[in-house]
Structure formats: C-alpha cells, structure tokens
Amino acid sequence: LATLIFYAASFWFPSSRTNISNTNPPLSFPAATLLPADGAATESSIRFFSERVKRDPEDYSAQNKLAACYLQRVRETSSEDFLPLALQAARASLDSVPAERNFSGLIILARAEFANHGFAKARDHALQLVKLAPEKGESYATLGDTLLELGDYENAAAAFQQMEQLSPGTVETETRLARLALLRGQTQKAQQHFRHALLVLLDFTNPPRETVAWCRWQLGEVAFSIGDYKNAERQYRDALITFPGYFHALAAMGKLSAARGDLREAMAKYREAIQAARAPDFVAALGDLHKVAGQEKEAAKFYAFVEELGKHSMQVHGTLQNRQLALFHADHDMQLEQAYASAASEYAVRKDIYGADALAWTAFKSGRLSEAKAAMKEALRLGTRDAKLFYHAGMIARASGEKTIGSNYLKRALALNPQFDLRQAPLAQKALKTDGFLANVLHK
C-alpha cells in the first residue's frame, strides 16, 4: 500500500464546505459517469498565469496560482518534471511577499516540497503555517501529512484531529482520516472515509474529474489489498468511466488481471498505463509479467527502463524514487549493497513504517539479518494490514530460524491477499511448502 496510498499524500483536493459528519448519508453512489476533462483547463491556466508573471514577476498571487497548476499537472500526468516549476513559482511568490502576509504562498511551497519528497522542509513550513493561521484546517492538514511521512504518527494523528474539528466532513479531512486508518490496520474505517469523501465530491456542481477518479481508485486499492478482487474491479472500472485513460486505474486493472492469471490482459493494461505515465512501478510490473511469461529479453528491457527512470529522477530531484528503486533492486536481487545503502540513508531521516520495511527487506537480501529483524519490528508497529509487510516479516523470521513465526506471517499474507504480488506471492507459497527453499533464495 505504500505506493498506492501514500504517494497520494502529495495530492491535494479542491476545498469544500460540504459537511457530512452530521448528516450520515447512505453510502450508495450514483452510477459512475464520464466527467469533463480538466487537463486542458489546467494547461490553459498555466499559460495564462505564466504570461502574468512574465509581465510582472512580483505578482505573488499569480505565482501562487501557477505553482498550484503545476502541482495539478503532477496529479494529472504523474510527471515529476512539473515539480521544479512549482517550487520555483512558490519561492518567487514568497520572495515578493513574505509568509506573514502570504499564507497561500507558504502553503503552496510546503505542498510542492512535500510532493518533491522534501518532507523535513515541508514540515518546518507547516509548523510555520500553524503559527500563522491556527484557525485554518489547511495548516493542520499540511502538518499532519508531513509528520506521517516522517514517521511521527502520534503528532500526525493530533494534527488531523485538530483539522477534523476545524473542517469536519470535507474531502480533505476524510481522505486523511482514511490514510491514518489504513496505517492502523482499520480497513473498514478507511473505506468509510473514502466513501464519504467521494460522496462529497459527487455533490459538487462540477465534480473535479481527476479527484473523483482518484477516490474511486483508492477504494479499489483498499479492496484489492484485502483480496476483494470483485469490488476492486468495480471501483477501477468506475474510475476509468469517470476518467478514461486514467493511468492509476489502468495499472490497477493490470495488477488485477495478473492476480487472476491473465498475463496477456495484464500486459496490455500496463502498456496503456505506461503510455500515459512512465511510473517506475508500472514499468517494473510489466517487466515482471514478461519474466513470468518466460520472455527474458523483454523483461530485461523493462528492467533497464526502470533504471533509466531512476537516474532521471535522481538528476532532476535528488532522491524522489530512492525507496522504489531500493525495493525494486531487492525484489530482483540486483545491486543489493546499493539498495541497502539507499534504504538506510533514507530511513535515517524518514522513519515511517514503509521506510522501515524497505530497510528490513534490503538488509535481509544483503545478509544483515539482525538489522532486518529490528527494522521489521518497526515496520509492523502500527498493526498495518499489508500482505507485503507480512511476507517480508515471514521471510526474515524464517531466515532467522524462527520458522513457526515466519510461517504464520506468510500465512497471514496469503490469507489477506492470495495474489498480493505477481512474483512474491508464489515465493511465499513455496516457502511454506519447502523448508530448504529459503536457502536457495538467499544463495542463488
């Protein structure tokens, strides 16, 4: 769920005054319908505000709106290349008018830093936001988001509680409460919050297409994470009705097809997704599909593409894809020392549970069992229900000689989601069947 849910933390929703907390509406939805495209409108706004700041670079309001448009393009395209532009515009705004008189400039800078994985900087600016505007839910939303990514869950929950008091029942509040519930292993509660958010969105006069599709996709991801493939498919299809070609939903349909054993359909969906967004996890998944199908040359081509995307991200942003690449290398037994060093470096400053999981898995694959065990304990500390976490915990425990504990974790992973990963789920099944299997994995 790390990539599925928590990369979405850099996404921001349109403000809403709709309050559902006291109305308790039925959680049934109208049929999904095609919503008007908003990408062209975003591009038009970028051109408009770009011309304004070209004429007057000190037009801080235009700089703020331009930065927000660039962040929206990140949502719509998954392209990281808009992030430097968003940061540049936000900084230009604050250079013109300081934060004390430019709340919008400070919040858009914090959001851009967050999207660029500058979590510590974003947190510091979020703390400044709370001091400047303690009466605004946005201040606490920004703070809570950054604290979650840094692994400060207690204070993040407190920030979201304050946000809920100030802005109950809004899309912004409901999606953050959903995220917190998922981390705590409260799947049904998370689904409830996402449904509430979707109801609010659908009540808008002009529902934002991308955000509605995102919410439907999130509901599908939660369903998939607990092995409810029928419901997951329904949500993914609804997302694609709302937003045809929506890359998150296309890739999710590919993952679902792979879980059902339809490799050809899975490849087709991932190819569609990659045409829309060259996300490393999409490309790696397509490589895995070719690998499982026995198409080694095709698999190698896509694995090489993952490396290219990682290099581009490093050149432009520094560390944006570090965790993804570290896990990719560990899963494919590639560059294991580099993977471990990358995960350890990130976890030193970003101590969230998925950072602990990345450290545990790379430490395990590089032969550091005692460190892997300690990190895995941290990864499991919130009670998160994630099959991959259980799988990693199981393999690490078995390697440490704790076969009963390890087997129990592997059983939990497969019981929760039998096909949680195209390549890793079969390894979990084999590990349960053969005591000697783990040694082969470690020494192949």
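Is Ile 353 buried or exposed in this predicted model, and what is its relative accessibility? At 0% relative accessibility, Ile 353 counts as buried, where buried means under 20% relative accessible area, exposed over 50% and partly exposed in between, for a 1.4 Å probe and protein chains only. The model is predicted, so that local features need pLDDT of at least 70 and side-chain atom pairs count only at pLDDT 80 or more, whereas totals for chains, interfaces and linings use all residues. Residues are numbered from 1 along each chain as its sequence is written, and side-chain values use heavy atoms, with hydrogens and water left out.

View 1. Leaving aside neighbours within four places in sequence, Ile 353 is in contact with Tyr 153, Leu 183, Glu 378, Ala 379, Arg 381, Leu 382 and Thr 384, contact meaning heavy atoms within 4.5 Å. Between Ile 353 and Leu 410 the C-alpha to C-alpha distance is 19 Å, at a separation of 57 residues in sequence.

**View 2. Arg 323 in helix H17.** Arg 323, which belongs to the helix formed by residues 322–331, is buried with a relative accessible area of 12%. When residues up to four places away in sequence are not counted, Arg 323 touches Glu 346, Arg 350, Asp 352, Tyr 354, Gly 355 and Ala 358.

**View 3. Tyr 246 and the nonpolar cores.** A nonpolar core is a set of buried Ala, Val, Leu, Ile, Met, Phe, Trp, Tyr and Cys residues joined through side-chain atoms within 4.5 Å. The largest such core has 58 residues, and those with the most contacts inside it are Tyr 236, Tyr 246 and Phe 282. A second, separate core of 46 residues includes Ala 360, Ala 363, Phe 364 and Tyr 391. Not counting residues up to four places away in sequence, Tyr 246 touches Glu 210, Ala 213, Trp 214, Trp 217, Ala 239 and Leu 240.

**View 4. Positive phi at Ser 78.** Although Ser 78 is not a glycine, its phi is positive, at about 65°. Ser 78 lies in the loop between helix H3 (60–77) and helix H4 (83–96), and is partly exposed, with a relative accessible area of 30%.

**View 5. Positive phi at His 117.** His 117, a residue other than glycine, has a positive phi near 65°. The loop that holds His 117 runs between helix H5 (103–115) and helix H6 (119–132), and at 18% relative accessibility His 117 counts as buried.

Note on methods: Helix = DSSP H or I, 4+ residues; strand = E, 2+ residues; numbered from the N terminus.
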